[in-house]
Amino acid sequence: MHVSIPIINKSVNDLPEYATLGASGMDIRASMEAPLNLKPMERVLVPTGLFVEIPEGYEIQVRPRSGLAIKQGLTCLNTPGTIDADYRGEIKVILINLSGEEQTILPGDRIAQMVLQKVEKINWRPVDGISQTDRGAGGFGHTGK
């Protein structure tokens, strides 16, 4: 299924595209005039120059790129980041350097990927009780390592 989404590209980069036929996400690139150096544990907001009009009932999720994470220790914070249907500002990506060395992001580098997701809305139905399960209230790590 394809969804048509209006986009404004104020960067010098090409529009995001799927790298392979089976890819779920489109790579998005840094839109900067100069290289950006990130010290270990430093985080930064990286502009993309992209503005989109997402249809009601959808969101775009911004996710890390696995190659960037394993090779350079760079990943996205607030992952997945959500771009709501009513947001009209520039898409920006929060990156953090989790490596032990300074890392450089160059203008045009692929810094993240974005995935279009359908969003269901909740209609709350207040009740006096909910069904019980074997798990019950068991939470974080309750089944062991």
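The model is a predicted one, so local features are taken at pLDDT of at least 70 and side-chain atom pairs at pLDDT 80 or more, while totals for chains, interfaces and linings use all residues. Residues are numbered from 1 along each chain as its sequence is written, and side-chain values use heavy atoms, with hydrogens and water left out.

Strands here are DSSP runs of E with at least two residues, numbered from the N terminus, and two of them pair if DSSP finds at least two bridges between them. Three strands make up an open, antiparallel sheet in the order β4-β9-β7. β4 (43-47) and β7 (74-76) sit at the edges with a single partner strand each, so one side of each has no neighbour in the sheet. On average, neighbouring strands are turned by 35 degrees against each other, direction ignored; the axes behind this are lines fitted to C-alpha atoms, with angles between N-to-C directions running from 0 to 180 degrees. β4 and β9 (residues 92-97) run antiparallel and are joined by five bridges. V46 has V93 in β9 as its bridge partner.

Now for the loops. Most residues other than glycine have a negative phi, and most peptide bonds are trans. M41, in the loop between β3 (36-38) and β4, has a positive phi of about 70 degrees. M41 counts as exposed at 52% relative accessibility (exposed means over 50% relative accessible area, buried under 20%, partly exposed in between, with a 1.4 Å probe and protein chains only).

The loop between β7 and β8 holds N78, whose phi is also positive, near 55 degrees. N78 is exposed too, at 56% relative accessibility. P80 lies in the loop between β7 and β8 (81-83), and the peptide bond from T79 to P80 is cis, with omega near -5 degrees.

Note on methods. Helices (H or I, at least four residues) and strands (E, at least two) are DSSP runs, numbered from the N terminus.
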